[in-house]
Amino acid sequence: MSTVVYTAHDGVVTSIDGRPGDSIMETAVRNGVRGIVGECGGSLSCATCHVFVASETFELVGGPGDLEDEMLDGTAVDRQHNSRLSCQIKLQDGCEYHVTMPSEQV
Amino acid sequence: MQGTLIVGACQAGVQIAATMRDLGDCDPIVIVGEESHRPYQRPPLSKGWLKGELEPDDVVLRTRQWFDERGITLVSGDRVVTIGREPDGSGVAQTLGGRSIPFARLALATGASVRRLPLPGTDYRGVHYLRDADDAIALGPALAEERVQRVVVIGGGFIGLEAASAARQLGKDVTVVEGTDRLIGRAVSEQTSAFYLDAHRRRGTRVVLGARITGIVGEDASAAGRRGSVEGVELADGTVLPADLVVIGVGVVPRVELAVQLGLEVNGGIVVDERCLASDGRTVAAGDCTIMPNPYPLGRGEPVRIESVNNALEQAKVAAATLLGQEASYATVPWFWSDQADLKLQIAGLSTGFDDVVVRGSAEAEKFTVLYYREGRLIAADCVNQPAEFLQIKQALAKGRTIPPEAAADTSVPLKQSIVDAAVPVAT
């Protein structure tokens, strides 16, 4: 089991127990967490699953890959140093993740 | 009364239910889907799925808990066959499985079914279509079989080329047979088509354009009347392209049977207005089954039918609001994507009616953008391995902005810096 703590732009916090191997995007969408869209289903095509990653989570997951890095230049809300596309962060068993959503995804 | 019936447990169907709950609707919602699977995403079926990278749980749209928590009843593996309607719009649907489902509101998200090839031999073993999860569940392992070496793909559109790419990546000998004179002709310009032709050939896929197929050939039917295995695809000039497996990807046909039965206007899809209302003024419809006023502010006037996830989701949101009596009108920048081998194609906007094209970047380097213009204004773009430019263009189009053609061609300046307000307002 893994846990993802999502903080929406309006401050609402949702904690979801996720399946290891699923992404943070999939875990949000399948459980109805708002603020993450994921239109393309995780194929790195839409950049609508942008999140800001808490510092301890960032240490766990690291920075974006090359293609993801390029896509972060086109997100609806400008990227910050801790931006990631949540479809690219796969949950590891026993880990807890903290992410905050931007005000817009599209 | 008794709540909402949504016919079709697909992206659009699930999104209608999700948005209705988001908008505060508390009445019962029943979604009926004829497939036995939980609602799932289709795009991966022709991509990662065929390469063996995904499992069924990887493509589900929502957890069971999601449906339970929202009081949304999901009926899978059953099919609505008749719908009786009262003058007030309420009614009762009957399913093949014998269910009677009363409703006060009705939404059709019936989708599309695969277009069958009206030629002899499509019932040989080893001939596959690719639309539903069951198709992918059958095709995935078949494609991976050792004895399957020669694969012929009929149809050079997105599905055909994605399937061909997956087969090629699995080391198969692949031939794509397309009836028209270019690939993906329905969706992209000649420049992009020509690039994909070269790119697939470079990767070892044979492509036959302008092909007339006369039939699929196979070993003789056995005494028991059962079809044997496929052996090849026969062309009009008598050539037979040998095949151990054939994939047919020649498009889809909107599912309109229920709409016809309800007396709704149907014309190449269920006709809906910008509120997603069908011709009776009370049934809503969304997704692949609908034909609608062009929702793209920069699009041309004719009604369009758009097959995409983006359209299914956005139309569904409007349909949900309309069902609840709220004001909503469908407008969007349509977008599409296709992953073929290591080529990421992303399309923003609809290019219909373009009068000028600018190619930015290098087709040789397989990293470029084709920008479409009408009367000097940017209306759409095909982006190949240019995800950042795609996103920037999509946002520019959504905000009514443009990129002057001469600036677009100049790769020494980042595209983002060349985006300007359009001189003329959006003309519809």
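Hi everyone, let me start with one pair: Asp57(B) and Arg19(A) form a salt bridge, with their closest N and O atoms 3.3 Å apart. By salt bridge I mean a side-chain nitrogen of Lys or Arg within 4 Å of a carboxyl oxygen of Asp or Glu. Between chain A and chain B the count is 4 salt bridges.

A word on the background. This is a predicted model, where local features need pLDDT of at least 70 and side-chain atom pairs count only at pLDDT 80 or more, while totals for chains, interfaces and linings use all residues. Residues are numbered from 1 along each chain as its sequence is written, chains are lettered from A in the order in which they are written, and side-chain values use heavy atoms, leaving out hydrogens and water.

Back to the interface. How many residues does each chain bring to the contact? Chain A gives 25 residues and chain B gives 32 residues, where contact means heavy atoms within 4.5 Å. About 2,100 Å² is buried between the two chains, and carbon and sulfur atoms give 44% of that. This buried area is the accessible area (1.4 Å probe) that two parts lose on being put together, summed over both.

Now, chain A itself. Chain A has 3 helices and 5 strands, running β-β-α-β-α-α-β-β from the N terminus. These are DSSP runs: helices are H or I with at least four residues, strands E with at least two. Along its principal axes, the C-alpha trace of chain A spans about 30 × 25 × 25 Å. Of its 106 residues, 51% count as buried, meaning under 20% relative accessible area with a 1.4 Å probe, protein chains only.

Definitions and conventions: Buried means under 20% relative accessible area, exposed over 50%, partly exposed in between (1.4 Å probe, protein chains only).
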